[in-house]
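Here is a short report on one protein chain. Please keep the sequence and the model in view while reading.

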Amino acid sequence: MYLFLAFLLVPIIEIALFIQVGGLIGLWPTLAIVVLTAVLGTVLVRTQGRMALANLQRSFAELDDPTEPLAHGAMILLSGVLLLTPGFFTDAVGFALLVPGIRVAVFRYLKSKATITHFQMGTGPQFRAGPEPFGQDDVIDGEFTEVRPRKEPGKPSKWVEGPHQH
């Protein structure tokens with residue numbers, strides 16, 4: 001239901017803002033602002049995205065919980081999408097998500113609403129590497145049946161016969 005409301009209300013808000021701003025400052029300045037915010041937003045998203053990626057890599061290197069850097073990266077990505085979407089409301093939300101303090105507040109709010117039932121860090125099952133996957137004491141017991149080919153030796157398979165060979 002929230003998604004439906006967003007898809008319904010956001011375009012209505014954007015159209016109303018375009019009409020108001022366009023009536024106040026004119027068509028060309030309104031379009032210039034839309035293009036300028038897209039260009040400025042792209043530059044800011046790149047800068048913030050690099051920093052978020054560095055923080056994520058650091059958290060992996062130090063085996064810290066990567067949840068917050070991942071959430072910041074997702075919010076920066078969403079910010080980029082909103083800033084590239086023409087409109088004043090989406091630009092305002094997009095620029096707001098580029099402010100680290102606002103991202104922290106959004107993350108804390110979402111974290112308070114989430115329930116984590118299981119979390120695990122570290123490696124999974126350990127496997128031995130090398131040319132010999134089993135130790136000297138490992139024994140593999142099995143049965144086998146020899147399967148003989150159906151075709152006669154020297155006779156080609158039906159798969160390789162041409163259209164004139166029968």
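## Surface and model basis

The chain exposes about 13900 Å². Carbon and sulfur atoms supply 67% of that area. Accessible areas come from the Shrake-Rupley method with a 1.4 Å probe, and for residues only the protein chains shown count as cover.

This is a predicted model, in which local features need pLDDT of at least 70, side-chain atom pairs count only at pLDDT 80 or more, and totals for chains, interfaces and linings use all residues. Residues are numbered from 1 along each chain as its sequence is written, and side-chain values use heavy atoms, with hydrogens and water left out.

## Confidence

pLDDT is the predictor's confidence in each residue, from 0 to 100. The chain averages 83, and 77% of the residues score at least 70. Among the elements, H4 has the highest mean pLDDT, at 95. H2 has the lowest, at 92. Where pLDDT is low, the predicted coordinates should not be read in detail.

## Overall build

The chain has five helices and zero strands. Along the sequence the pattern reads α-α-α-α-α. Helices (H or I, at least four residues) and strands (E, at least two) are DSSP runs, numbered from the N terminus.

Of the 166 residues, 18% count as buried. Buried means under 20% relative accessible area, exposed means over 50%, and partly exposed lies in between (1.4 Å probe, protein chains only). A contact means heavy atoms within 4.5 Å. Among contacts with a separation of 6 or more, 60% join residues 24 or more positions apart.

## The nonpolar patch

Which residues form a nonpolar patch on the surface? They are Met1, Tyr2, Phe4, Leu5, Leu8, Leu9, Ile12, Ile13, Leu17, Phe89 and Val93. Together they have about 1100 Å² of accessible area. Like charges are joined within 9 Å, and nonpolar side chains (Val, Leu, Ile, Met, Phe, Trp, Tyr) within 5 Å.

Helix H1 (2-25) and helix H4 (88-97) each supply at least two residues of the patch. H1 gives the most, with eight. Phe89 lies in H4. Phe89 counts as partly exposed because its relative accessibility is 32%.

## Helix H3 and its cover

Helix H3 spans residues 67-84, 18 residues in total. From its first C-alpha to its last, H3 reaches 26 Å. That is close to the 26 Å expected at 1.5 Å a residue. The expected span is 1.5 Å times one less than the number of residues.

The buried residues of H3 are Pro69, Ala71, His72, Met75, Ile76, Ser79, Gly80, Leu82 and Leu83. Their cover includes helix H2 (27-61), H4 and helix H5 (100-113).

## Residues to inspect

Ile25 sits in helix H1. Ile25 is partly exposed, because its relative accessibility is 38%. Leaving out residues up to four places away in sequence, Ile25 touches Thr30 and Ile33.

Beyond residues up to four places away in sequence, Ser59 touches Asp64, Asp65, Pro66 and Pro69. Leu63 lies in the loop between H2 and H3. Its phi is near 55°, a positive value in a residue other than glycine. Leu63 counts as exposed, because its relative accessibility is 61%.

Terms used:
Patches are made of residues with over 30% relative accessible area and no salt bridge: like charges are joined within 9 Å, nonpolar side chains (Val, Leu, Ile, Met, Phe, Trp, Tyr) within 5 Å. A salt bridge is a side-chain nitrogen of Lys or Arg within 4 Å of a carboxyl oxygen of Asp or Glu.
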